[in-house]
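Student: I have a structure to go through. Can we take it one question at a time?

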Amino acid sequence: MHHRKWIWMVTFLIGCFSALINPAQAQSFAALEGMQIHANRATSSLLLYRGEGFQKSHLARMEQDLQTLAATVSAFPDASPELLEGHQALQTLLREGAAFGREEDDMPWGWPLEMSKALRDFLTAVRSQQGADAHAELPAKVEYLTVQYLSRAYVGSFETAREQPDTYLGQDERRLVPAIDTQLAALDGKSDPAIAKLKARWSFLKVALEDMNSGNNSFNTASGRPFAPIMVDRHARGLSEQWMALSR
């Protein structure tokens, strides 16, 4: 009888400990998810700022994105040195990109490659702490594809992480769009109107992303239609906002 009581007590304590640690794990998970989203958004904001005529609203949005990213990083107590260094490098580079003049020659020709590397390095550091759970990566994939789309529309190209072909960082729309489709298909949109709205927004957005034509060096869309960066940016943000609201 004493043995059974001891086993029950151990089981009870393990259950209590799990109840305490799971909220912390969930909070850590949400922070790492947010870092990926906000880093991509800040990069998209810079591309819009330069590509749409240096409008102050886009610059202000970039600064807001950077501030949100910084707050998320600062509030994460377990950030690795690589993550912190990557964050510093990314925000420094994006602000440098905003400071270049309006003429094409004002931006060094190699700067877009530096931008894509800084973003990839930071996201790689975040993923190394996140682990292999891909659930957090659905909105990050959408925002990362948006950076690729805006890059092709405004500055020519975005270099993915070729050394990571099995992560979203090394992929373009040819693999990411089907991957996102698969993740969304697993969600029940019939019983949850919010998920139905999420899927509806994605079905509209993916048409443009599939048209990106990353396998072609001509920087034209596959359909021949003009790029629509403002529309893609708006719907990508809307989708990731919807996703984060579902996750809270």
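Student: How many aromatic pairs does the count come to?

Tutor: This is a predicted model, so the numbers are computed from it. Rings of Phe, Tyr and Trp pair if their centres lie within 6.5 Å. By this rule, the count is five aromatic pairs.

Student: Take Tyr144 and Phe158. Is their pair stacked or edge-to-face?

Tutor: The ring centres of Tyr144 and Phe158 are 5.5 Å apart, and the planes stand at 90°. Planes over 60 degrees apart count as edge-to-face. The pair of Tyr144 and Phe158 is therefore edge-to-face.

Student: Where do Tyr144 and Phe158 sit, and how many residues apart are they?

Tutor: Tyr144 belongs to helix α5, residues 137-154. Phe158 is in the loop between α5 and α6, the latter spanning 173-185. The pair links distant parts of the chain, 14 residues apart.

Student: Is Tyr144 buried or exposed?

Tutor: Buried means under 20% relative accessible area. Tyr144 has 0% relative accessibility, so Tyr144 is buried. Phe158, at 11%, also counts as buried.

Student: Which parts of the chain does the pair of Tyr144 and Tyr168 tie together?

Tutor: Tyr144 and Tyr168 are edge-to-face, 5.3 Å centre to centre with 80° between the planes. Tyr168 is buried, with a relative accessible area of 1%. Tyr144 lies in helix α5 and Tyr168 in the loop between α5 and α6, so the pair ties together parts that are 24 residues apart in sequence.

Student: Which residues do ring pairs link into a cluster?

Tutor: Tyr144 pairs with Phe158. Tyr144 also pairs with Tyr168. The cluster is Tyr144, Phe158 and Tyr168.

Student: What is Met35 in contact with, leaving aside neighbours within four places in sequence?

Tutor: Met35 is one of the core residues that touch the most other members. Sequence neighbours within four places are left out here. The contacts of Met35 are then Leu69, Thr72, Val73, Phe76, Leu83, Phe122 and Val126.

Student: Are α6 and α7 roughly parallel or roughly antiparallel?

Tutor: Their axes are 11 Å apart, at an angle of about 170°. Angles over 145 degrees count as roughly antiparallel. α6 and α7 are therefore roughly antiparallel.

Student: How many charged residues are in the contact of α6 with α7?

Tutor: From α6 come Glu173, Val177, Ile180, Asp181, Leu184 and Ala185. They meet Leu198, Lys199, Trp202, Lys206, Leu209 and Glu210 of α7. Seven of the contact residues are nonpolar, none is polar, and the charged ones number five.

Student: How are α4 and α5 oriented, roughly parallel or roughly antiparallel?

Tutor: α4 and α5 pack with axes 13 Å apart. The angle is about 175°. α4 and α5 are therefore roughly antiparallel.

Student: How many polar residues does the contact of α4 with α5 have?

Tutor: Met115, Leu119, Arg120, Leu123, Arg127 and Gln130 in α4 meet Glu137, Tyr144, Val147 and Ser151 in α5. By class, five contact residues are nonpolar and three charged, and the polar ones number two.

Technical notes:
Residues are numbered from 1 along each chain as its sequence is written. This is a predicted model: local features need pLDDT of at least 70, side-chain atom pairs count only at pLDDT 80 or more; totals for chains, interfaces and linings use all residues. Side-chain values use heavy atoms; hydrogens and water are left out. Rings of Phe, Tyr and Trp (its six-membered ring) pair if their centres lie within 6.5 Å; planes under 30 degrees apart count as stacked, over 60 as edge-to-face and the rest as tilted. Helices (H or I, at least four residues) and strands (E, at least two) are DSSP runs, numbered from the N terminus. Buried means under 20% relative accessible area, exposed over 50%, partly exposed in between (1.4 Å probe, protein chains only). A nonpolar core is a set of buried Ala, Val, Leu, Ile, Met, Phe, Trp, Tyr and Cys residues joined through side-chain atoms within 4.5 Å. Contact means heavy atoms within 4.5 Å. Axes are lines fitted to C-alpha atoms, for helices over the stretch in contact, and angles run from 0 to 180 degrees between N-to-C directions. Angles under 35 degrees count as roughly parallel, over 145 as roughly antiparallel, 65 to 115 as roughly perpendicular and the rest as oblique. Ala, Val, Leu, Ile, Met, Phe, Trp, Tyr, Cys and Pro count as nonpolar, Asp, Glu, Lys and Arg as charged, and the others, Gly among them, as polar.
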